[in-house]
Amino acid sequence: MIETERLILRPFTEKDAEDVYEYLHEPEVHCFADMKLNSLPEAREAVKKRLGETEYHFAVELKETGKVIGEIEAYPEPGEPHAGENTPKDTFSPCWMLNREYRGKGYAYEAAHAFFDYLFTRKGARRIYAYTEDYNLPSQRLCERLGMRREGLFVEFVSFVDDENGEPVYENTCQYAILKKEWTGRAGGTAEL
Ligand SMILES: CC(C)(COP(=O)(O)OP(=O)(O)OC[C@H]1O[C@@H](n2cnc3c(N)ncnc32)[C@H](O)[C@@H]1OP(=O)(O)O)[C@@H](O)C(=O)NCCC(=O)NCCS
């Protein structure tokens, strides 16, 4: 569990299904299209799959009300294309989303900042990178507020949905990243080198 001023990041419980349904019944970004939940029973199944995730996937609970207003996750990966069996898994790529009613209040920043700190200080992260569609300005602003560098723009990089003719719709993807030493060096970062 990770606690911040206004939030608790904690593992999911079965009671969270309604809250998860609320923010995942209409995902706005294409990269979450396959997470779309069409009904409450589907949400209950989705939450069951999240149960037992205690290290890398957290519900974001608003302390004041106990409501789950979103989620954040990132799993360790080798982070380099020629990784072998012994390559350390010291790279993480977070996925974040908030219930739209709770955006614009700094909650995503508060959650992501605490989560980055946790990954850098307790989970051996060396580098955290994020992909975001070029049209997803709120997510880009979040990356920048967290001190991530914009590393590049991959043109027509990935497709999550098809058009009306069944052809893949390719999207331009921005990549942002921050290293542990950069996190430590910036105000607010508390990771030790
Ligand atoms: C990406 C996402 C999580 C960002 O949420 P957010 O609420 O905009 O992000 P933050 O927590 O950083 O909040 C920042 C905004 O809150 C405002 N704010 C208000 N009170 C604040 C406070 N106490 N502290 C900090 N910011 C505050 C800021 O001014 C800022 O507004 P701005 O973006 O208009 O400049 C959200 O848009 C989302 O869930 N999108 C759908 C899922 C998604 O796209 N995920 C990423 C896929 S790549």
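1. A residue is taken to be near a molecule or strand if its C-beta atom, placed from the backbone, lies within 6 Å of it. Of the 20 residues around the ligand, those that come nearest are Arg103, Gly106, Ala108, Tyr109 and Pro138.

2. The model is a predicted one, in which local features need pLDDT of at least 70 and side-chain atom pairs count only at pLDDT 80 or more, while totals for chains, interfaces and linings use all residues. Residue numbers start from 1 along each chain as its sequence is written.

3. The chain contains five helices and nine strands; these are DSSP runs numbered from the N terminus, with helices (H or I) of at least four residues and strands (E) of at least two. Read from the N terminus, the elements follow the order β-β-α-α-β-β-β-β-α-β-α-β-β-α.

4. As to overall dimensions, the C-alpha atoms of the chain fill a box of roughly 45 × 45 × 35 Å along the principal axes.

5. Buried residues make up 27% of the 193 residues in the chain. A residue is buried if 20 or more other C-beta atoms lie within 10 Å of its own, exposed if 12 or fewer, and partly exposed in between, with C-beta atoms placed from the backbone. Of the contacts between residues at least 6 apart in sequence, 60% join residues at least 24 apart; a contact requires C-beta atoms, placed from the backbone, within 7 Å.

6. The shell around the ligand draws at least two residues from each of strand 6 (95–98), helix 3 (107–122) and helix 4 (137–145). Helix 4 gives the most, with five residues. By class, the shell has 10 nonpolar, five polar and five charged residues. Here Ala, Val, Leu, Ile, Met, Phe, Trp, Tyr, Cys and Pro count as nonpolar, Asp, Glu, Lys and Arg as charged, and the others, Gly among them, as polar.

7. Just after helix 4, Gly147 takes a positive phi of about 90°.

8. Four strands form an open sheet of mixed pairing, in the order 5-7-9-8. Strand 5 (91–92) and strand 8 are the edge strands, each pairing on one side only. Strands pair if DSSP finds at least two bridges between them. Strand 7 and strand 9 pair in the antiparallel sense over seven bridges, and Ala130 stands opposite Tyr176 in strand 9.

9. Two residues of strand 8 may be inspected individually. Arg149, in strand 8 (residues 149–162), counts as partly exposed because 14 C-beta neighbours lie inside 10 Å. Leaving aside neighbours within four places in sequence, Arg149 is in contact with Tyr176, Ala177 and Ile178. Gly152 also lies in strand 8 and is exposed, with 11 other C-beta atoms within 10 Å.

Definitions and conventions:
Contact = placed C-beta atoms within 7 Å.
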